[in-house]
Amino acid sequence: MVDKELKDAVAGLESGPQATPAAAEAPPGAAADAATHPSVAALRARFGAAVQHHTVMSGDEHVVYVAAAQSAELLRWLKEDAGERYDLLKDVTCVDYGGGRPLEVVYELWSIPNRRQLRVKVTLPLDELVIDSVQPIWRTADWHEREAYDLFGVHFRGHPDLRRIMMPEDYAEGHPLRKDFPLRGRFSRAEQTRRALAQAWEDAYTPQELSVVEHEPQLGRPAADDAARTHAEASGALNPDALPARPNEADDFSLGTSGSAAGGRQGGQL
Amino acid sequence: MGLGERPGLPVMPAGEGEASFLTTRLDEVVNWARRSSLWPMPFGTACCAIEMMATFATKYDMARFGMERMSFSPRQADLLICAGRVAYKMAPVLRKIWDQMPQPKWSISMGACASSGGVFDAYSMVQGIDTIIPVDVYVPGCPPRPEGLIYGIMMIHEKIRGEALKNPALRAEDPARVGLPNLPAEVVAEITTPFGNSTNQNKLSGLVSRGAVARPTDRHP
């Protein structure tokens, strides 16, 4: 038997790869379809009609389409249910197929404990691009949803800070990754150049965002101070007077102009 | 190259027991000093910056030309090398860095994207940094090899060699132009006229792009 297999294999070197009879009969993806994704079955059992349909892409990538009205509730259940535990949100993005077709919001989920992938898609009609934010569920969705808002114009209801993240803060030409957006933008190059140089980007950020120290407190003060504050907060006995003052608190609003002149920031200068 | 090797610079040989001296023009000395110790301000945004790093590293070694050190502060730099594409969001940063550099200063636009936008004829990309800042030398290539950048720097050297301190227009800078586009709006519109084959996008969007269907010869009748 082994000899025959070896003989066939050696002979096959001459003729090149051949389709096996079994593969020729089975349609692609049939095996994966037959073994239905356990999470999709559980979603159907729990949410019923909110789970619209289920397909398999590229062999083993399971895609489930759900209703926009229940998407956040459904995604929260996928994260928190003991049997699902999709704790890693790999991506939130959008697809615009053009031609007036609805826009798709895509959630790419991965369950680290169960080692399981699931892609959840929500279709939104172009005249109502509103969906519940999943930022309260996965913190990482914060910037992903800002990106989707910036480039596609989807409004994520309940997002704490929904503003542009890639295009300039005062960008007035719309949402560039939409299919109806002209490749070179809507304004003339001269106008785009003028607006680009006129943008006051210092105004688009809070003093805290412009300050490294404020965002990375460990750079600005001694570790012992940090430990004391954390302990006090944890024990519920936070008394601001009893703690050493944070050195950079006083000049929060002068950072934009006075720069390193503020003595308290010296520790954080990189 | 030493001073004495330049034609037109008379060097008086020292006689027996006499002090040696030479005479030259002030321009020659100043230009020699300036071109022999350029401090580059690297503005590397893309793959051109990789070639720029290669140029400054051991094999090509820009220290041979007195460019011992990259100046990562615009205030101690006199040659801005813009290596890579510049997005409109980055344009005010480039302009601010240029405005912060003290005179005398020169700039090199390195690579196709910095010089013309390159393949990025899109909504987000500056179509040539000469719309933002004045450019002395354009280095073509995608990206240019280190030899290309060195050739561009040698051209800067030649340009400095020909400068005259008495030329009032040379170092003139208008404080009212700080932070503004380098070119008037109509010139920006002309030099960024679309070309190439990316017209399908505009057809889909209903825009009519006359520049895209015109022949190159039609652009300058």
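**Backbone geometry in the loops of chains A and B**

1. In chain B of this predicted model, the residue B:Pro104 sits in the loop that runs between α3 (91-100) and β5 (106-110). The peptide bond that joins B:Gln103 to B:Pro104 is cis, with an omega of about -5°.

2. A cis peptide bond also joins B:Cys142 and B:Pro143, and here omega is about -10°. The proline of this pair, B:Pro143, belongs to the loop of chain B between β6 (137-139) and α5 (146-161).

3. As background to these two points and to those that follow, most peptide bonds are trans, and most residues other than glycine have a negative phi.

4. Turning to chain A, A:Arg85 is a residue other than glycine whose phi is positive, near 55°. A:Arg85 is placed in the loop between α5 (71-80) and β3 (88-95) of chain A. There are 16 other C-beta atoms within 10 Å of A:Arg85, and the residue is therefore classed as partly exposed.

5. Back in chain B, B:Asp61 is not a glycine, yet its phi is positive, at about 55°. The loop that holds B:Asp61 lies between α2 (47-56) and β4 (79-83) of chain B. Is B:Asp61 buried or partly exposed? B:Asp61 counts as partly exposed, because it has 13 C-beta neighbours inside 10 Å, whereas a buried residue would need 20 or more.

Conventions: Residues are numbered from 1 along each chain as its sequence is written. Chains are lettered from A and ligands numbered from 1 in the order in which they are written. This is a predicted model: local features need pLDDT of at least 70, side-chain atom pairs count only at pLDDT 80 or more; totals for chains, interfaces and linings use all residues. Helices (H or I, at least four residues) and strands (E, at least two) are DSSP runs, numbered from the N terminus. A residue is buried if 20 or more other C-beta atoms lie within 10 Å of its own, exposed if 12 or fewer, and partly exposed in between; C-beta atoms are placed from the backbone.
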